[in-house]
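Colleague: I would like to learn how to read a structure one feature at a time. Please show me the model, and then we can go through it.

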Amino acid sequence: QVQLVESGGGLVQAGGSLRLSCAASGRPVSSYAMGWFRQAPGKEREFVASISWGGGSTDYADSVKGRFTISRDNAKNTVYLQMNSLKPEDTAVYYCATSVNLATMSSPLYWGQGTQVTVSS
C-alpha cells in the first residue's frame with residue numbers, strides 16, 4: 001500500500017512558475033515509476049509527465065514539453081513537478097500517481113488526492 005500527498009498548488013499569474021511535490025509513504029517510492037496527471041473541470045484526466053524508478057527515463061505530454069520538468073528524490077520519497085511558463089490552459093487539479101513501470105503508467109496503481117493549480121491571465 002502506498003499513500004501519496006500532493007502539495008504546492010495555488011494561484012499564479014500566466015508566465016509564472018510553480019513547483020508541485022508528491023510525498024509518498026508506505027512502500028518506498030523507489031519501487032515505482034511515478035507520474036503526474038491533471039484534470040480540468042468538465043474534461044477527462046490527462047497525462048502530464050512520468051519518471052522511471054531510477055530517474056533515468058522521463059516522458060512528457062506534448063503540451064508541457066519544454067516547460068515542465070519531473071524529478072524525484074528517492075531518499076526523501078518525494079517526486080516533484082517544476083512548472084515554468086505557466087498558461088491559463090494549465091489550470092487543473094494535478095494528481096500524483098504510481099505504476100510498476102513507465103510502460104504501465106496508463107493504469108496507475110495509486111493516486112493522490114490532488115492539488116489545485118490555477119493560472120490567471
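**The disulfide**

Modeller: A disulfide joins Cys22 to Cys96, with 2.1 Å from S to S. This is a predicted model, in which local features need pLDDT of at least 70 and side-chain atom pairs count only at pLDDT 80 or more, while totals for chains, interfaces and linings use all residues. Residues are numbered from 1 along each chain as its sequence is written, and side-chain values use heavy atoms, with hydrogens and water left out.

Colleague: What is a disulfide, and how many does the structure hold?

Modeller: A disulfide is a covalent bond between the sulfur atoms of two cysteines. The rule used here asks for a pair of cysteine sulfur atoms within 2.5 Å. The structure holds one.

Colleague: Where in the chain are Cys22 and Cys96?

Modeller: Cys22 is in strand β3 and Cys96 in strand β9. The two are 74 residues apart, so the pair links distant parts of the chain. Strands here are DSSP runs of E with at least two residues, helices are runs of H or I with at least four, and both are numbered from the N terminus. The link of Cys22 and Cys96 is left-handed, with -85 degrees about the S-S bond.

Colleague: Are Cys22 and Cys96 buried or exposed?

Modeller: Buried means under 20% relative accessible area, exposed means over 50%, and partly exposed is in between (1.4 Å probe, protein chains only). Cys22 has a relative accessible area of 0% and therefore counts as buried. Cys96 is also buried, at 0%.

**The nonpolar core**

Colleague: Which residues touch the most other members of the largest nonpolar core?

Modeller: A nonpolar core is a set of buried Ala, Val, Leu, Ile, Met, Phe, Trp, Tyr and Cys residues joined through side-chain atoms within 4.5 Å. The largest one has 29 residues, and Trp36, Leu81, Met83 and Tyr94 touch the most other members. Several strands each supply at least two residues of this core, among them β1 (2-7), β4 (33-39), β8 (78-83) and β11 (115-120). Strand β3 gives the most, with four residues.

**Salt bridges**

Colleague: How many salt bridges are there?

Modeller: A salt bridge is a side-chain nitrogen of Lys or Arg within 4 Å of a carboxyl oxygen of Asp or Glu. By this rule the count comes to four. In one of them, the side chains of Asp90 and Arg38 meet at 2.9 Å, N to O. Asp90 is in the loop between β8 and β9, whereas Arg38 is in strand β4, 52 residues apart.

Colleague: Which other residue does Asp90 meet in a salt bridge?

Modeller: Asp90 also meets Arg67, at 2.8 Å from N to O. Arg67 lies in the loop between β6 (58-60) and β7, so this pair ties together parts that are 23 residues apart in sequence. Asp90 is buried at 1% relative accessible area, Arg38 at 5% and Arg67 at 11%. Arg38, Glu46, Arg67 and Asp90 are linked in a network of salt bridges.

Colleague: Which salt bridge does Lys65 form, and is Lys65 buried or exposed?

Modeller: The side chain of Lys65 meets that of Asp62 at 3.6 Å, N to O. Both Lys65 and Asp62 are exposed.

Colleague: What does Ser52 contact?

Modeller: Contact means heavy atoms within 4.5 Å. Ser52 is found in the loop between β5 and β6, and is buried at 13%. Leaving aside neighbours within four places in sequence, Ser52 is in contact with Ala33, Ser57, Arg72 and Leu102.
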